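Dear colleague,

I am handing over the structure below, and after it you will find notes on what turned up. Please read them alongside the sequence.

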Amino acid sequence: MSATLDTVSLLADRINALEESSTLAMTKKARELAAQGHKVISLSVGEPDFKTPDHICEAAKKAIDDGFHGYSPVAGYPDLRKAIADKFKRDNNIDWKPENIVVSTGAKHSLANVIQVLINPGDEVVIFSPYWVSYSEMVKLAEGKSVVVDGSFENNFKVTPEQFEAAITDRTRIVMYASPNNPTGSIYSEAELRAIAAVVAKHENVFVLADEIYEYINFTPEGHFSIGSIPEIADRVITVNGVAKGYAMTGWRIGYIGAAKWIAEGVEKLQGQVTSGTNSIAQKAAVAAISGPLDASKEMTKAYQRRRDLVVKLLKEVPHFRVNVPEGAFYAFPDISYYYGKSDGTTTINNSDDFASWLLNTSYVSTVAGSGFGAPNCLRISTAASDESLAEAVQRIKDAVATLK
Ligand SMILES: Cc1ncc(COP(=O)(O)O)c(C=O)c1O
């Protein structure tokens with residue numbers, strides 16, 4: 001191709017308008033620095049550092065030997081949809097039949113599908129912020145409008161029912177949030193979700209897209225509560241989940257929804273034209289995961305909780321960081337904004353992007369700026385790493401900020 005060709009203008013507007021995923025961008029940069037021989041501690045990726053449990057891997061090997069090599073049904077194998085429906089009953093008190101379930105290529109795909117299926121151009125999606133980086137971009141792709149509602153640091157980054165209700169207009173079609181939350185680790189309690197549901201109940205065109213991908217990584221004594229279990233709004237709740245985080249299966253790419261039949265059918269129709277049924281071997285592994293024992297998931301959660309305790313304790317010792325206590329997931333999300341406007345003599349830090357890049361370039365600790373998550377004062381630090389790496393990373397952060405004046 002000619003060197004003078006303006007390739008940007010050849011790309012479709014919808015792609016030019018899209019932000020690159022900030023988590024993937026930082027991870028890429030960290031890999032490059034590591035390849036150059038630097039001792040990088042990578043805390044940017046949202047990925048368990050555990051292996052997929054053996055019984056799940058065995059099920060995948062068996063699926064290969066048993067000849068599951070062909071296309072699967074678009075919405076997923078019947079045994080997987082049944083296992084997911086049973087799981088919704090067992091863990092979430094949600095009554096879905098297999099016909100209400102659609103399996104997709106990761107929870108990310110499930111979320112994008114639902115937004116494509118329910119959003120017309122100009123429709124509004126209320127997003128509880130801080131939010132996972134891809135939500136607003138998925139809405140953009142569907143030509144919808146994100147209405148971001150900020151949860152304050154003081155309220156552990158959670159949105160109140162009053163704030164939510166004030167954001168609703170005639171164009172609102174979806175409210176979406178993740179609990180446990182990425183990036184904050186906050187969890188909406190049963191009482192808080194009942195109050196949110198009471199607002200939804202008053203607005204009959206509003207649907208809830210509940211992202212429960214971190215369900216099992218919950219450190220609260222109360223445990224997980226699903227808004228989809230509230231009967232008054234159950235047919236307007238789309239619950240998204242998957243195997244990536246709870247079973248350490250990020251690369252297997254299995255996510256799913258439980259939703260009213262007409263929504264599930266809409267997603268199946270879309271998927272039938274874009275991806276077809278997801279990977280057959282991974283689906284069989286997911287049956288073993290979802291209907292099997294949860295011992296490994298519980299062990300992993302214990303480790304995440306221990307690391308949460310360690311990282312929160314160490315981060316609180318970093319001068320001028322404001323640190324919330326995550327209740328689940330595997331991230332810490334300190335407010336670092338005290339350092340904005342300060343300089344190490346060479347680089348001036350003006351925002352969270354500057355801070356994350358400077359930290360990676362000078363101290364080889366890879367994190368993600370809060371800006372992409374709707375929280376420009378914060379920095380996301382993944383705690384899915386060994387205790388030693390985490391302690392070393394926070395020490396490097398402490399040493400680095402000591403140079404800022
Ligand atoms: C809040 C949230 N939702 C969804 C996903 C996507 O999960 P999956 O790997 O199943 O696509 C992630 C992954 O980081 C996430 O953090």
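**Backbone points of interest**

N156 is found in the loop between β4 (145–150) and α8 (161–167), where helices (H or I, at least four residues) and strands (E, at least two) are DSSP runs numbered from the N terminus. Please note that this is a predicted model, in which local features need pLDDT of at least 70 and side-chain atom pairs count only at pLDDT 80 or more, while totals for chains, interfaces and linings use all residues. Residues are numbered from 1 along each chain as its sequence is written, and side-chain values use heavy atoms, with hydrogens and water left out.

Although N156 is not a glycine, its phi is positive, at about 50 degrees. With a relative accessible area of 18%, N156 is buried, a word that stands for under 20% relative accessible area, with exposed meaning over 50% and partly exposed in between (1.4 Å probe, protein chains only). A329, also not a glycine, has a positive phi of about 60 degrees; A329 sits in the loop between α12 (295–316) and β9 (331–332) and counts as buried at 2% relative accessibility. For context, most residues other than glycine have a negative phi, and most peptide bonds are trans.

The loop between β5 (172–178) and α9 (190–202) holds P180, and the peptide bond that leads from S179 to P180 is cis, with omega near -5 degrees. P183 is in the loop between β5 and α9 as well, and the bond from N182 to P183 is cis, with omega near 25 degrees.

**The ligand and its surroundings**

Among the residues around the ligand are A107, K108, N182 and Y214, being near in the sense that one of their heavy atoms lies within 4 Å of it. A polar backbone atom of A107 is 2.7 Å from an oxygen atom of the ligand, and a backbone N or O atom of K108 lies 2.9 Å from a ligand oxygen. In Y214, an N or O atom of the side chain is 2.8 Å from an oxygen atom of the ligand. The protein covers 93% of the 390 Å² of accessible area that the ligand has on its own, as computed by the Shrake-Rupley method with a 1.4 Å probe.

A107 also belongs to the buried residues of α6, which include L111 and L118.

**Cysteines**

How many disulfides does the count come to? The count is 0, a disulfide being a pair of cysteine sulfur atoms within 2.5 Å. C57 is partly exposed at 22% relative accessibility, whereas C378 is buried at 3%.

Note on methods: A polar contact is a pair of N or O atoms within 3.5 Å; within protein, one must be able to donate a hydrogen and the other to accept it, and residues adjacent in sequence count only if both atoms are side-chain atoms.
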